[in-house]
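Colleague: I would like to go through this structure with you. Could we begin with the contacts and then move on to other topics?

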Amino acid sequence: MLNLSRINRFWRVPIGNFWGQNPQRSPLIEVEDSISLRVLVLALVVLGIVATDIAAETSFSFWALPLSVLGAIWSYYRRSDRNVAVKFCIAIGMLVALGAFFGRLVGLNDTRLGLAELLIQLQVLHSFDTPRRKNLGYSIVIGLILLGVAATLSQTLAFAPVLLLFLAIALPTLVLDYRSRLGLQPLKIKNEKFNQKNSSTLNFKFLILNFFLIVGLGLAIFAVLPRFPGYQLRNFPVSSAIPLKGNFTGSSIINPGYVRQGKGDNQGTGTAQNQTGQPGKVDNNFYYGFNSQINQNLRGEMKPKVVMRVRSQAEGFWRVLGFDRYTGKGWEVSRNEDVTTIKRSPWSYQIFLNRPLITAKTQDIVQTYTVVADLPNLIPAMAYPKEIYFPTPMIAVDTENGLRSPVELSEGLTYTVISEVPYRDRTKLGEASTKYPRDIKQHYLQIPPEIAEKVRQRTEEILANYNREGVTKSSKSLNSPYEKALYLAQYLKQHYSIPQNALDLPYLAEKDDLVEAFLFKYKGGYPDHFSTVLTVMLRSIGIPARLVAGFSAGEFNPFTGLYVVRNTDAYAMTEVYFPKYGWFAFDPIPNHPLIPPSVEDTQTFSVLRQLWHWVAGWLPSPVTGLLNNVFETIFKWVIGAIAWFLALFSQGWFGVLTGLILATTAAFFGWLGWGQWRQWRNRRWLKKLPAMESLYQQMLQWTTQKGLGKHPAQTPLEYAKGSYQHHAPATAEVIDEISQAYVSWRYGGHSPNLQQLRQRWQGIKKTAK
């Protein structure tokens, strides 16, 4: 016979209780029954996956979204079961996903996308077992992490709508999650006006106001957030490794816009571009100046399209290629075969470049380039690159300090450059020596003899008329190459023009020279012609100069922090050599800055400046001028007051004493005013609250003053329960009563007995004094 007493004793021990429970409805697991909360959590996860797809241009959504939905449905219907077999399968799947991640990690330089893929795989597996609110909390965090990864990968504003939608869904999700923590019944989501007597419906007005408040506050913080120069990490973004096929010498330039012999198909729409000086038409998509020989006797315009996105610590000119020999109707790289190939180590993407010996003060500028449309195998970078993180095993450097890739820069390619950009000190450059090295004079003073004397006379005539152009005696004299280059560039801007119509300028005849026709016949030309003329004019008076082609900084997007560069941003300008200081650029093109932007311009509050420029573009000119004057006046007063105060400390002991007294007095009145303002604001806030809410908040403020305030992570009922350990029994009882009444009113819709609660609260306050 069975011993019933032994069986009964077995069920009394913990293990017996565990196995004796109904496995289909274990009380040890508090399941989450709220369908609304589960749907909103699933929406957050879906948005995180979609945001990653949009930012990284991947296709995770194709398989992750349906599996996540299927997992959420399965988990809801099986939320009360133990699902031991499913848990084992999920654990095995997670280990497989981790192993696959480590396998991919070998070929990854930027691990963000690999980590995002691993996280998505883990979330899909996790979605099949989310019985409790805590499991749903993990999913919320995963969705937030995916959104953060997408933010670091995003380069366009396509990410912005997803971010706003994520915030809009996150607010009601947090409300439902908090209600679940309080153990309240699932919330009814209805679109109706908020009723104080029945708070079982979701307050949409409250959520909408909070949404706009958070967005406005976030935009304000983003606008004034300083962008300090300096990268804290050196793991720069680079595309996956590109294998090199065949030998790479670096002498060949591959420009899809140029028709090459034997390869006329799909190699560009330009005509006669490989014939120096012959009339022709520019390609619609590719800039003509990216080649070893360029013909400036071409006509036409490019169709604008985005070609790059650049993240840089400073605005600059993305230099591509330099030219040293003028041909009469264009330029060429005379030492195109004289290039140096540099290999990188097989375990690193970093390539160190040889730097010229210059004595100017420099600053390291990090730039990350993402190619959006196919480009030639010429690598854009700011001047004087010293390190490059590039996916190919090697690159080449030409004699003009241009970088060349073994392959064309195809869509999606990413690389990073660190340039040692010199500061532009006008005083030191004006004092630079005019004793140029032989190699410099040999290659950068070349002019066709047919025009040399005529251009020299015209250049000296312009410089001789300097004082007769209305220049004051206080202006700098033209006794240095730097000042001459500045003045000639400005002179070309003011006295020569660009044709309004792209076809107004006729083609040059076979015996015509571009510079001669520009100066004496047409009194102007196309934008790049201005740079050619300035370069040749400087050479005619013995100043070494060369033509350099590249991209302007492009349009800065203050929301993404990227410079959006188009093919129409490509142009050429002049670089002038200064012994011991290197090459510095001058831009003679009308409507361009005379000196291209560089490290001299502070970038700390560039986002705020760009936003103001964007806003000012929509305002009428009188309003913009008025606001500029108001802000300028305010800044002058503030800066003047600070300067006056600091000047007191340089006026001896009396000034120091005066400054300290003023500082102490100002600090005291500031502290006093701040305290009074906070009290006034708190009183106004309490008056606007419902009666029960106001009483509850007064209680929390009083307990905080006693040093026993409520922790933000505690619910009202948790705080009330813990108050018995820190307060007198009578005080803790009142705190518990008010907290219970608040929760019942706020989340259950019950009307409290406010008169009785106030009387008991006033009694506790009097007793505690």
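Modeller: Contact here means heavy atoms within 4.5 Å. Please keep in mind that this is a predicted model.

Colleague: Understood. Which residues does Gln 123 touch, not counting residues up to four places away in sequence?

Modeller: Gln 123 touches Val 45, Ser 139 and Ile 142 on that count. With the side chain of Ser 139, the side chain of Gln 123 also makes a polar contact, at 3.5 Å.

Colleague: Where is the place of Gln 123? And is Gln 123 buried or exposed?

Modeller: Gln 123 sits in helix H6, which covers residues 112–126. Its relative accessibility is 4%, so Gln 123 counts as buried; the cut-off for buried is under 20%.

Colleague: Let us change topic. How many cavities of 30 Å³ or more does the structure hold?

Modeller: There are three cavities of that volume.

Colleague: Which residues line the largest cavity?

Modeller: Its lining includes Asn 285, Phe 286, Tyr 287, Lys 305, Asp 374 and Phe 551. By class, the lining of the largest cavity has seven nonpolar, two polar and two charged residues.

Colleague: And how do the residues of the lining of the second largest cavity divide?

Modeller: Seven are nonpolar, three are polar and one is charged. Among the lining residues of the second largest cavity are Arg 299, Leu 514, Phe 518, Tyr 522 and His 529.

Colleague: Which helix gives the most to the lining of the second largest cavity?

Modeller: Helix H14, residues 514–522, gives the most, with four residues. Phe 518, one of the lining residues, has its place in helix H14.

Colleague: What about Phe 518, then: buried or exposed?

Modeller: Phe 518 counts as buried, because its relative accessibility is 1%. Leaving aside neighbours within four places in sequence, Phe 518 is in contact with residues including Leu 492, Tyr 496, His 529, Phe 530 and Val 533.

Colleague: How far apart in space are Phe 518 and Phe 530?

Modeller: They are 8.3 Å apart, C-alpha to C-alpha, and twelve residues apart in sequence.

Colleague: On to the strands. Why is strand E18 largely enclosed by the rest of the structure?

Modeller: Strand E18 spans residues 562–566, and four of its five residues are buried, so the strand is largely enclosed.

Colleague: Which strands pair with E18?

Modeller: Strand E4, residues 306–312, is joined to E18 by four bridges and runs antiparallel to it.

Colleague: How many residues lie between E17 and E18 in the hairpin?

Modeller: Four residues lie between them, and Gly 561 in the turn has a positive phi of about 75 degrees.

Colleague: One last topic. In what order do the strands of the open sheet of four strands come?

Modeller: The order is E8-E13-E14-E11, with antiparallel pairing. Strands E8 (340–343) and E11 (378–379) are at the edges with a single partner strand each, so one side of each has no neighbour in the sheet.

Colleague: Which residue stands opposite Leu 378 in E14?

Modeller: Leu 378 faces Arg 404 there. E11 and strand E14, residues 403–404, are joined by two bridges and run antiparallel.

Definitions and conventions:
Residues are numbered from 1 along each chain as its sequence is written. This is a predicted model: local features need pLDDT of at least 70, side-chain atom pairs count only at pLDDT 80 or more; totals for chains, interfaces and linings use all residues. Side-chain values use heavy atoms; hydrogens and water are left out. Buried means under 20% relative accessible area, exposed over 50%, partly exposed in between (1.4 Å probe, protein chains only). A polar contact is a pair of N or O atoms within 3.5 Å; within protein, one must be able to donate a hydrogen and the other to accept it, and residues adjacent in sequence count only if both atoms are side-chain atoms. On a 1 Å grid over the protein atoms alone, a cavity is a set of points where a 1.4 Å probe fits but cannot get out, and a pocket is an open set with protein on both sides within 12 Å along at least five of seven lines; lining residues have an atom within 4 Å of a point. Grid points are joined across faces, edges and corners, and a volume is the space filled by probe spheres set on the points. Ala, Val, Leu, Ile, Met, Phe, Trp, Tyr, Cys and Pro count as nonpolar, Asp, Glu, Lys and Arg as charged, and the others, Gly among them, as polar. Two strands pair if DSSP finds at least two bridges between them.
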